[in-house]
Amino acid sequence: MSERKRVLVTGAAGYIGSGVCRRLLSAGFDVIGIDSLIYGATGLLPLLVTPRFRFVQLDIREYSRLQEQLNQIRPFAVVHLAAIVGDPACKKMPEVARQTNLAATKALFSAATENDSSRFIFA
Ligand SMILES: NC(=O)c1ccc[n+]([C@@H]2O[C@H](COP(=O)([O-])OP(=O)(O)OC[C@H]3O[C@@H](n4cnc5c(N)ncnc54)[C@H](O)[C@@H]3O)[C@@H](O)[C@H]2O)c1
């Protein structure tokens, strides 16, 4: 990837994430999208042909892999959108929702700030 500013987007295959990735690419950023693809990759398909977009399939609960990516990417900003979204989904898988929405979010925030990613956007 070039020396342009890199933005790491978690939940890149999601409803909001896929749109955010497109907007960031249009604005001239390099974008690294992370997602575990629990609902598939349809949202990502138009992005995969974009040279300044790179996708990493990763579950944000895998802290060591996530940390590895942050160390490699050293992003200018992190946009954190990976989540179990909405009451029905959270009720269906409460433990996964807690781990993802709370524990993994806190861990990502700590890891990002340790990596000097002072711009952390959380929806
Ligand atoms: N959709 C809305 O109207 C809306 C409004 C306000 C805030 N938000 C917030 O924006 C964020 C994204 O919402 P969305 O509507 O795009 O949801 P979405 O369900 O469409 O996308 C979430 C993405 O996160 C991924 N994901 C889930 N668990 C993961 C994990 N452990 N590791 C990696 N990826 C994982 C899923 O595969 C999915 O692609 C959420 O925090 C949500 O609360 C959404």
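How far is an oxygen atom of the ligand from a polar backbone atom of Tyr 15? The separation is 2.8 Å, and a backbone N or O atom of Ile 16 likewise lies 2.8 Å from an oxygen atom of the ligand. On the side-chain side, an N or O atom of Asp 59 is 2.8 Å from a nitrogen atom of the ligand. Of the 820 Å² that the ligand exposes when taken alone, the protein buries 75%, with areas taken from the Shrake-Rupley method with a 1.4 Å probe.

This is a predicted model, in which local features need pLDDT of at least 70 and side-chain atom pairs count only at pLDDT 80 or more, while totals for chains, interfaces and linings use all residues. Residues are numbered from 1 along each chain as its sequence is written, and side-chain values use heavy atoms, with hydrogens and water left out.

Phe 29 and Phe 76 are stacked, at 5.9 Å centre to centre and 25 degrees between the planes. Phe 29 is partly exposed, with a relative accessible area of 21%, and Phe 76 is partly exposed at 23%, where buried means under 20%, exposed over 50% and partly exposed in between (1.4 Å probe, protein chains only).

In the other pair, the centres of Phe 109 and Phe 120 are 5.0 Å apart with planes at 85 degrees, so the pair is edge-to-face. Phe 109 is partly exposed at 42%, whereas Phe 120 is buried at 17%.

Definitions and conventions. Phe/Tyr/Trp six-rings, centres within 6.5 Å; stacked < 30°, edge-to-face > 60°. Polar contact = N/O pair within 3.5 Å; in protein donor to acceptor, adjacent residues only side chain to side chain.
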